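Hello,

Here is the structure I promised to hand over. Please look at it first, then read my notes below.

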Amino acid sequence: MKWLGPFPLSIKLPILAAAMMVLVGAVASQQVLRALARVQDARIQELAQMHVEGLSVALGPLVLRHDIWEVYDTLDRAAQAGEGRRMVLTAVADERGRVLAATDPRRVPIDSDIADLARDAVALENLSVDGSAGVLSLLAPLSYQGRTVGQIATELDVSDLLAERRQALVYLLVGNAMAVGILSLAGFAALRRMLRPVTTLARQMTETQGEPHPIADTDIPRGHGELARLARTYNTMVGAVADKAEAERRLAARERFVALGRLSSSLAHEINNPLGGLLNATDTIRSFADRPDVVRHSADLLDRGLRHLRDVTRATLDQNRLDRVEQPLGPEDFEDLKLLIQPEVTRRALVLDWSVEFDADDPPGIPAGPVRQIALNLLLNSCAAASPSGRIGLHVWREADALRLDIADTGSGMSQAELERLLGDGPLSPGGGVGLRIVRDLATRMGGIVDHVRTDGVTRVTVALPTQGSVQAAHGTGGPAC
Amino acid sequence: MACLIGRRDLVGAGLAALVAGRAWAQPVFRLGLTPVFLDNDAAVIDGLRRALSRGMGREIELVQRRTYQDITGLLLERGVDAAWLCGYPYLQHADLLGLVAVPVWRGAPSYQSYLIAAAADPAGTLTDLRGGTHAFSDPDSNSGYLVTATDLRRMGERADTFFSRSIFTFGHRNVVRAVADGLVRSGSVDGYVWEALAAIEPDLTARTRIVGRSEWLGFPPVCARRDMLGSDPVQALQRALMDLPTTDEGRRALAALHLDGFQQATPDLFDGIADRMRDLET
């Protein structure tokens with residue numbers, strides 16, 4: 001039945017129903033033929049018995065007297081009778097087996113041995129129309145007044161019974177074929193109609209491009225049958241899935257704000273530090289306004305500090321500006337990332353290993369937003385995971401068809417829950433953040449692969465993003481990690 | 001209605017009733033029949049009975065038995081008033097039986113015995129049939145037994161040893177059937193019967209062939225006990241047989257029997273049969 005596997009249920013079930021009908025028809029036909037065979041056997045046995053008994057009564061005294069002519073005349077007249085046509089040949093022998101007369105004297109002459117004729121003969125009780133031969137041979141004792149005075153050998157023409165059986169077989173085959181054909185078509189149509197809700201359900205689940213749609217109320221079967229309940233349950237599930245997606249979207253947005261808060265505090269710290277220097281520079285300028293070299297030196301200091309603040313502000317703006325999301329990835333995106341992560345690195349007194357091999361003349365054609373989000377989430381996660389004075393690193397390089405991002409840290413490694421969020425598609429366990437799952441979702445949508453390895457106390461997460469094709473379709477807006 | 005019937009009508013009706021009452025009052029005449037002729041045809045038998053009954057003016061009962069011996073026995077024991085026998089049993093009991101009439105067939109009161117075989121049988125004479133099976137009609141039949149038996153005797157043979165097996169069919173038509181169907185190789189049959197069958201059932205006789213014919217012998221006669229020959233019933237029978245050609249019913253009966261009529265005969269008509277009987281007894 002494996003060959004039925006590729007066929008849809010609406011085809012398989014009618015085929016199975018038709019096969020069952022064929023099976024039932026075959027069994028029924030077999031029973032009918034068997035019953036017909038029994039009837040024919042009983043009929044031929046009864047006929048042969050009547051023939052033998054009738055001849056015994058008529059021929060008994062003639063055989064005793066060896067009256068050959070009267071035996072022949074009786075046989076000949078019996079052969080002319082209606083049922084005599086079935087008896088194609090009858091021969092009567094005396095008690096020693098010598099033929100007295102036969103309906104065909106030329107074939108079975110007087111005084112020949114009846115055993116020659118009855119070589120394939122069977123007894124009356126074994127007479128059966130089951131062979132392919134159209135003539136049955138019977139040998140029976142000729143009893144008269146309680147004793148056997150001779151033998152009767154008869155050949156019965158059963159070709160009409162065989163033809164009747166063949167005709168019955170043909171009728172059964174034709175009838176069954178027609179009945180099975182009609183019933184199969186009716187069953188096919190009925191099952192197709194009955195299974196239409198299942199087909200609709202399957203279509204709604206498979207042909208909705210990743211987002212299941214509810215079944216229209218008009219397509220839901222009326223009543224409270226299994227299929228109606230299934231359709232309603234499916235609609236309920238679709239609603240639950242949509243609610244869950246909405247909840248995840250809101251959670252991601254909240255995570256984004258949390259991350260922004262953390263970034264903001266780092267940025268505030270980053271800005272506060274130079275602000276002190278800048279204020280000192282303005283005091284120095286006021287105090288030594290008459291000293292051009294001091295003013296120039298303080299102005300340079302102010303200029304560097306303000307430029308730094310401008311860069312930080314621009315990077316922050318770029319990180320959150322929506323119109324950057326679909327912009328192609330460029331080397332400046334990684335510079336922004338470094339600028340954004342630097343305050344957190346500095347705050348946690350970490351060592352940052354930064355290596356970006358990016359050829360500006362051969363851009364990978366990947367949207368910048370998701371890549372920035374992936375890298376930032378993983379870098380922030382590494383910052384949180386790395387112990388103070390630890391090391392984190394980002395290594396970006398191009399391969400033939402992919403851009404690879406390698407984020408490493410010397411932290412204690414990811415927990416099982418974190419690995420499940422990063423590497424699996426299972427449901428999120430409560431209590432954890434969604435940053436790692438956002439990394440996985442974004443990478444998956446771009447057709448990428450996320451890999452994790454922990455060696456020599458270093459946790460290394462590698463993201464391989466294809467440089468063409470599905471990257472264009474990726475459009476993640478997830479928030480930062482942790 | 002009565003006034004319309006005249007005196008002449010009344011006298012005529014009375015005479016008719018007297019004649020009818022006389023005929024009805026006669027005892028039934030019993031005529032025995034051997035299977036010498038076409039006894040299997042009920043229409044033929046009935047036609048003969050009606051013709052003779054009308055000719056004799058009395059009712060006739062035709063008595064049939066399987067063998068010649070049965071009929072001859074009935075005649076001798078007065079079980080029948082007369083019988084259509086064969087020349088052979090007539091001569092066997094010539095001291096007690098007398099001739100009433102003899103049929104005329106093809107212009108003469110004589111016939112032949114035929115020795116027949118299957119149409120495809122190559123036998124040309126009786127000698128060629130040695131070792132085969134043979135069908136006789138009746139042991140008291142001249143044409144159906146005596147002729148072949150005496151022919152064999154004249155050859156120094158006996159029927160029970162010359163043939164591998166011989167059977168009696170007790171009917172000339174049965175002899176023809178036995179030979180035609182292949183039950184036996186050859187048969188002895190009344191030539192008159194064979195010729196009549198050739199006209200009535202040509203398909204049957206076409207399957208047989210005449211191997212030999214005997215000399216002309218006296219046709220099977222109608223006999224009665226000698227002591228009854230002068231009795232009225234027997235005389236009436238004789239007249240009725242002679243008069244058959246004079247009535248339509250009688251002519252139809254004769255035509256059905258393929259006979260020309262009946263005539264009186266003397267015992268010397270059967271001298272040929274007597275010769276054979278002597279040959280067989282010696």
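How many of the 11 residues of helix 11 (residues 435–445) of chain A are buried? Eight are, so helix 11 of chain A is largely enclosed by the rest of the structure. Buried means that 20 or more other C-beta atoms, placed from the backbone, lie within 10 Å of the residue's own; 12 or fewer means exposed, and in between is partly exposed.

Before more, some ground rules. This is a predicted model, in which local features need pLDDT of at least 70, side-chain atom pairs count only at pLDDT 80 or more, and totals for chains, interfaces and linings use all residues. Residues are numbered from 1 along each chain as its sequence is written, while chains are lettered from A and ligands numbered from 1 in the order in which they are written.

Back to helix 11 of chain A. Its buried residues are A:Gly435, A:Leu436, A:Arg437, A:Ile438, A:Val439, A:Arg440, A:Leu442 and A:Ala443. Just after this helix, A:Gly447 has a positive phi of about 80°.

Chain A as a whole has 11 helices and nine strands. These are DSSP runs numbered from the N terminus (helices: H or I, at least four residues; strands: E, at least two). Of its 482 residues, 30% count as buried.

Helix 9 (residues 368–385) of chain A is mostly covered, with 16 of its 18 residues buried. Its axis comes within 10 Å of that of helix 8 (residues 331–347) of chain A, and the two cross at roughly 20°. Axes are lines fitted to C-alpha atoms over the stretch in contact, and angles run from 0 to 180 degrees between N-to-C directions. The two helices are therefore roughly parallel to each other. The cut-offs are under 35 degrees for roughly parallel, over 145 for roughly antiparallel, 65 to 115 for roughly perpendicular, and oblique for the rest.

Residues of helix 8 of chain A in this contact include A:Leu337, A:Leu340 and A:Ile341; those of helix 9 of chain A include A:Val371, A:Leu376 and A:Leu379. Contact means C-beta atoms, placed from the backbone, within 7 Å.

Helix 7 (residues 172–181) and helix 8 (residues 191–200) of chain B pack at about 65°, with axes 9 Å apart. They are therefore roughly perpendicular to each other. Helix 7 of chain B brings B:His172, B:Arg173 and B:Val176 to the contact, and helix 8 of chain B brings B:Val193, B:Trp194 and B:Leu197.

Best wishes

Note on methods. Contact = placed C-beta atoms within 7 Å.
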